Amino acid sequence: MVLKAVAINAMALASVSLLTNPVGAQQPAATVASADPRIEKLKTEALQMVESRSKQVQEIVDMLFSFQELGFQEFETQKYITTLLQKEGFTVEKGVAGIPSSWTAKWSYGTGKPEISLGSDVDGIPQASSKPGVGYRDPMIQGGPGHGEGHNSGQAVNIVAAIVVKQLMQRDKINGTILLWPGIAEEQMAGKAFLVRAGIFKNTDVTLFTHVGNDLGVSWGASGSSALISAEFKFRGESAHAAGAPWRGKSALDAVMLMAQGWEFRREHIRLQQRSHYVIRDGGDQPNVVPSTASIWFYFREQDYPRTMELFEMGKRVAAGAAMMTDTQLDTVNILGSGWSAHFSKPIAEAMHQNVLKVGMPKWDDKDQALAKGLQKELGSPDFGLSEQVNKELRGAATPQNWTGGGSDDIGDVAWNMPTITLRYPSNIPGLPGHNWANAIAMATPIAHKGAVAGAKVQALTMLDIFMTPKVVTDAWDYFNNVQTKETKYKPFIRSFDQPPTYLNADIMARFRDQQKKFYYDPTKFKTYLEQLGIEYPTVRAQEAKPRGDNN
């Protein structure tokens with residue numbers, strides 16, 4: 001990584017004509033990035049070009065929503081996006097890193113440097129099927145998967161930004177490479193570490209990741225997310241007739257249950273900041289047969305690599321104890337996925353924040369606010385609607401402040417290998433529980449469309465800053481080498497023999513795929529997915545009028 005920074009620095013010295021300040025002047029990257037009139041002119045064009053592609057943003061968002069695919073099974077999504085990008089002149093590779101539903105799309109001009117990678121997740125949530133634009137629980141397919149995280153929207157942000165910037169680069173002969181990729185199986189935390197291991201980012205200088213939110217913004221430094229190890233513990237025993245000769249059996253299920261119970265007792269004596277949870281994937285075949293196999297799937301989350309590894313080792317000891325108590329064997333311990341807690345680039349965040357201020361929040365109309373407030377009321381949340389202003393202050397800290405634990409995103413594995421940020425764009429509604437049917441309600445509506453357009457604008461402007469202002473890249477690598485990784489060095493949680501668990505969710509999608517096909521979006525016949533479904537926007541419950549003077 002140091003060599004990469006040196007190479008980019010040389011490029012900066014050779015390109016001083018792009019800068020209005022002397023090389024070495026101690027100015028924030030964002031200030032330098034916005035100083036060149038040529039860049040400002042291109043940014044004005046880029047904003048207009050992204051706006052002109054609002055229809056394309058809407059179609060991508062709605063199409064991916066209609067597929068509603070779970071992790072490792074994102075094949076319709078793969079087919080649709082790669083076909084689109086191939087038509088736009090990108091070179092596509094499918095099945096990268098041993099993941100059949102993964103892909104990359106690359107385009108280069110001139111020297112090909114610097115290389116910007118654009119990533120966003122694509123998978124859905126089990127049992128989150130919901131009709132878009134309807135402010136209460138109304139599944140499209142009972143029990144079916146849905147986009148209860150909003151991962152259907154981020155690729156639209158990246159794809160439209162990439163197409164616009166590519167056109168400007170071709171016209172104005174701007175050197176660089178654009179690499180697009182999906183976050184496969186993010187909900188299983190089982191994709192990005194394998195992409196890193198496969199060398200997908202070996203030539204990348206900066207990664208601009210994006211994730212759905214309810215605001216428009218970016219931050220730098222410690223992300224506040226949890227590091228995570230996803231591990232499955234498989235036990236092997238011996239079957240027997242559960243009534244006729246139970247003493248001859250050795251129950252693998254007993255071992256699983258004892259491991260779960262043992263972990264609950266152990267939980268009292270570990271840090272409050274940890275998060276750990278599990279499901280039993282295999283509990284036997286039928287009650288009258290002592291289970292000869294059983295398995296339990298754990299997520300272990302903590303603040304950083306050493307603490308998360310400590311939890312994992314503790315889990316293995318509890319599993320070994322459960323096997324001893326039941327006279328079974330701990331057959332295998334498979335790491336299915338993992339993720340570091342992210343650290344984001346301050347110089348890239350500074351440059352992007354200026355673009356966030358330039359773009360601003362979308363203009364929500366009364367219908368957008370009515371859906372948001374109606375859904376918030378339905379869930380018992382404060383009904384304050386959609387946010388209308390961006391945060392003018394760029395937030396960040398080099399180290400976690402008052403860290404109390406929480407969710408995870410495997411973008412951390414990417415962020416510890418190159419300068420990386422995550423752009424939040426406002427395509428969802430505040431006050432929702434997350435990983436829930438409610439989080440799917442806005443995700444094929446004008447809220448999602450407007451938010452993704454705003455995100456695409458910020459992404460395009462930031463790409464221009466990086467391609468045309470070498471100082472942004474050199475400052476980013478200086479921060480990466482001398483601040484972020486000065487004392488912390490990346491090493492993966494996954495072991496050399498761990499492989500992507502591509503079988504996950506195959507059975508669920510096999511049950512629902514044929515039903516889902518009936519609901520795939522057809523943009524040749526309908527302007528929007530809401531129109532195809534015949535949904536009036538917004539559809540919310542009528543609020544009951546409260547009698548006046550009733551204080552009970």
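Mentor: Four strands form an open sheet in the order S8-S9-S7-S10, and their pairing is antiparallel. Two strands pair if DSSP finds at least two bridges between them; strands (E, at least two residues) and helices (H or I, at least four) are DSSP runs numbered from the N terminus. The model is predicted, and local features need pLDDT of at least 70, side-chain atom pairs pLDDT 80 or more, while totals for chains, interfaces and linings use all residues. Residues are numbered from 1 along each chain as its sequence is written, and side-chain values use heavy atoms, without hydrogens and water.

The edges of this sheet are strand S8 (275-282) and strand S10 (329-339); each has a single partner strand, so one side of each is left without a neighbour in the sheet. On average, neighbouring strands are turned by 20° against each other, direction ignored. Angles run from 0 to 180 degrees between N-to-C directions, with axes fitted to C-alpha atoms, for helices over the stretch in contact. Strand S7 (residues 227-236) and strand S9 (residues 293-302) run antiparallel and are joined by 10 bridges. Within this pairing, alanine 231 has phenylalanine 298 of S9 as its bridge partner.

Two helices pack on the sheet. Helix H8 (residues 252-267) touches S7, S8 and S9 (contact means heavy atoms within 4.5 Å), and its direction makes about 20° with that of S9. Helix H9 (305-326) touches S7, S9 and S10, and the direction of H9 makes about 15° with that of S7.

A further open sheet has 6 strands in the order S1-S2-S4-S3-S5-S13, with mixed pairing. Its edge strands, each pairing on one side only, are strand S1 (91-94) and strand S13 (420-426). From one strand to the next, the twist averages 20°. In this sheet, strand S3 (residues 115-121) and strand S4 (residues 176-183) run parallel, joined by 7 bridges.

Helix H10 (residues 346-359) lies across strand S5 (206-213) and S13, and runs at about 20° to S13.

H10 also has a helix as a partner. H10 and H14 pack at an angle of about 140°, with their axes 7 Å apart; H14 covers residues 470-484. The contact brings Lys346, Pro347, Ile348 and Ala351 of H10 to Val472, Asp475, Ala476 and Tyr479 of H14.

Some backbone details remain. Most residues other than glycine have a negative phi, and most peptide bonds are trans. Glutamine 68 is not a glycine, yet it has a positive phi of about 50°. Between S2 and S3, the loop holds proline 114. Lysine 113 and proline 114 are joined by a cis peptide bond, with omega about 0°. Another cis peptide bond runs from tyrosine 537 to proline 538, where omega is near -10°. Proline 538 belongs to the segment after helix H16 (529-533).
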